[in-house]
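Work through the exercises below with the sequence and the model open. Each task is followed by a solution in steps.

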Amino acid sequence: MSETRQNYRELEQSIHTDLTDRLSYGKYLHLSEVLNAQHRLTDQHDEMLFIIIHQASELWLKLAGHEVEAAIRFLKHDNFRHAFKVIARVKLILTQLTHSWSILATMTPVDYLKFRDSLGPASGFQSYCYRKLEFLLGNKNEKLVKVHRHDPAAFEELTRLLHEPSLYDVVLRKLNERGFPIDAEKLERDFSQPYQPNESVRAAWFDIYSDPDKHFELYEMAEKLVDIEDAFQLWRFKHMYTVQRIIGTRRGTGGSSGVPFLKKAIDTSFFPELFAIRTNL
């Protein structure tokens, strides 16, 4: 006897249907604002795709920054377990962001050029959430803060983060506290300046990787950091390749050289010593 499948599902009596003056899904998530925040400048079909991909990316970047800030707080209190949890989440967020480029890549160069000029100087280079995440991870550049002068709140927060220790800076302090002699110049420095590789840091990570069972917590932290960099670099590469696929070698709307500028970011490492020691293990 064959089973009959029904294409109709009865509404269960317990489901709330009268949400007058009560908290609904839409109110909780402010969906009226979110779903009505897509304002096209042209009548081109693919501009909606362009807007939504970038808006969704900003939300994911905001969450990634939120999680890295939490990781820094946890580490300052020696709470490695919870730091591991949120860092693992950041890796998955970056993976989600990488997948989004594949959706954007369904837009052809011809379709993009139909509305590109309407963007004026607007560019992802001006993303506050992206810049915040980079600063939190340690890729500091005080010149980049100037781009955000038009937004006082963003400018103020990025200026603060520029001068505060990054996630890696906090980890290095933990290495020193655990008995690994890190040069003082790395522990108390001008955090607004780009991080430069250091031999004492390389030696500490080499010792940790040489005996991971003895230093497992720090070893696990190192691998979590490598996970982040790995995922971030994949996101950067996919970003660069998608831009190349759509606009070739045109200049970016924000004034950059475009693809050549994005390629330079791929050579930038948040945690250089963690990659350097792999050659010598």
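**Exercise 1. Burial and contacts of His148**

Task: decide whether His148 is buried or exposed, then find where His148 is placed and which residues it is in contact with.

Solution.
Step 1. His148 counts as buried because its relative accessibility is 1%; buried means under 20% relative accessible area, exposed over 50%, and partly exposed in between, with a 1.4 Å probe and protein chains only.
Step 2. His148 is placed in the loop between α6 and α7. Helices are DSSP runs of H or I with at least four residues, strands are runs of E with at least two, and both are numbered from the N terminus.
Step 3. With neighbours within four places in sequence left aside, His148 is in contact with Gln126, Ser127, Tyr128, Arg131, Phe155 and Leu158. Contact means heavy atoms within 4.5 Å.

Before going on, note the ground rules: this is a predicted model, in which local features need pLDDT of at least 70 and side-chain atom pairs count only at pLDDT 80 or more, while totals for chains, interfaces and linings use all residues. Residues are numbered from 1 along each chain as its sequence is written, and side-chain values use heavy atoms, with hydrogens and water left out.

**Exercise 2. The second largest pocket**

Task: describe the volume and the lining of the second largest pocket.

Solution.
Step 1. Rolling a probe the size of a water molecule over the atoms shows where empty space is left. On a 1 Å grid over the protein atoms alone, a pocket is an open set of points with protein on both sides within 12 Å along at least five of seven lines, whereas a cavity is a set where a 1.4 Å probe fits but cannot get out.
Step 2. The volume of the second largest pocket is about 160 Å³. A volume is the space filled by probe spheres set on the grid points, which are joined across faces, edges and corners.
Step 3. Its lining consists of Glu69, Ile72, Arg73, Lys76, Phe135, Leu136, Arg160, Leu161, Glu164, Pro165 and Ser166; lining residues have an atom within 4 Å of a point.
Step 4. Two or more lining residues come from each of α3 (46–76), α6 (128–137) and α7 (152–162). The largest share, 4 residues, belongs to α3.
Step 5. Sorted by class, the lining has 5 nonpolar, 1 polar and 5 charged residues. Here Ala, Val, Leu, Ile, Met, Phe, Trp, Tyr, Cys and Pro count as nonpolar, Asp, Glu, Lys and Arg as charged, and the others, Gly among them, as polar.

**Exercise 3. Aromatic pairs**

Task: how many aromatic pairs are there, and which parts do Tyr130 and Phe232 tie together?

Solution.
Step 1. A pair of aromatic rings is described by the distance of the centres and the angle of the planes. Rings of Phe, Tyr and Trp (its six-membered ring) pair if their centres lie within 6.5 Å; planes under 30 degrees apart count as stacked, over 60 as edge-to-face and the rest as tilted.
Step 2. The count comes to 16 aromatic pairs. In one of them, Tyr130 and Phe232 are 6.0 Å apart centre to centre with 40° between the planes, a tilted pair.
Step 3. Tyr130 lies in helix α6 and Phe232 in helix α11 (residues 216–247), so this pair ties together parts 102 residues apart in sequence. Tyr130 is buried at 13% relative accessible area, and Phe232 is buried at 1%.
Step 4. The ring centres of Tyr168 and Phe271 are 5.1 Å apart and the planes stand at 55°, so that pair is tilted. Tyr168 is in helix α8 (residues 167–177) and Phe271 in the loop between α12 (259–266) and α13 (272–276), 103 residues apart. Tyr168 is buried at 1%, and Phe271 is buried at 0%.
Step 5. Ring pairs link Trp101, Tyr130, Tyr168, Tyr195, Phe232, Trp235, Phe270 and Phe271 into a cluster.

**Exercise 4. Positive phi values**

Task: where do Asp21 and His30 lie, and what is phi of Asp21 and of His30?

Solution.
Step 1. Asp21 lies in the segment before α1 (25–29). Its phi is near 60°, a positive value in a residue other than glycine, and Asp21 is exposed at 76% relative accessibility.
Step 2. His30 is in the loop between α1 and α2. Phi of His30 is near 55°, also positive in a residue other than glycine, and His30 is partly exposed at 45%.
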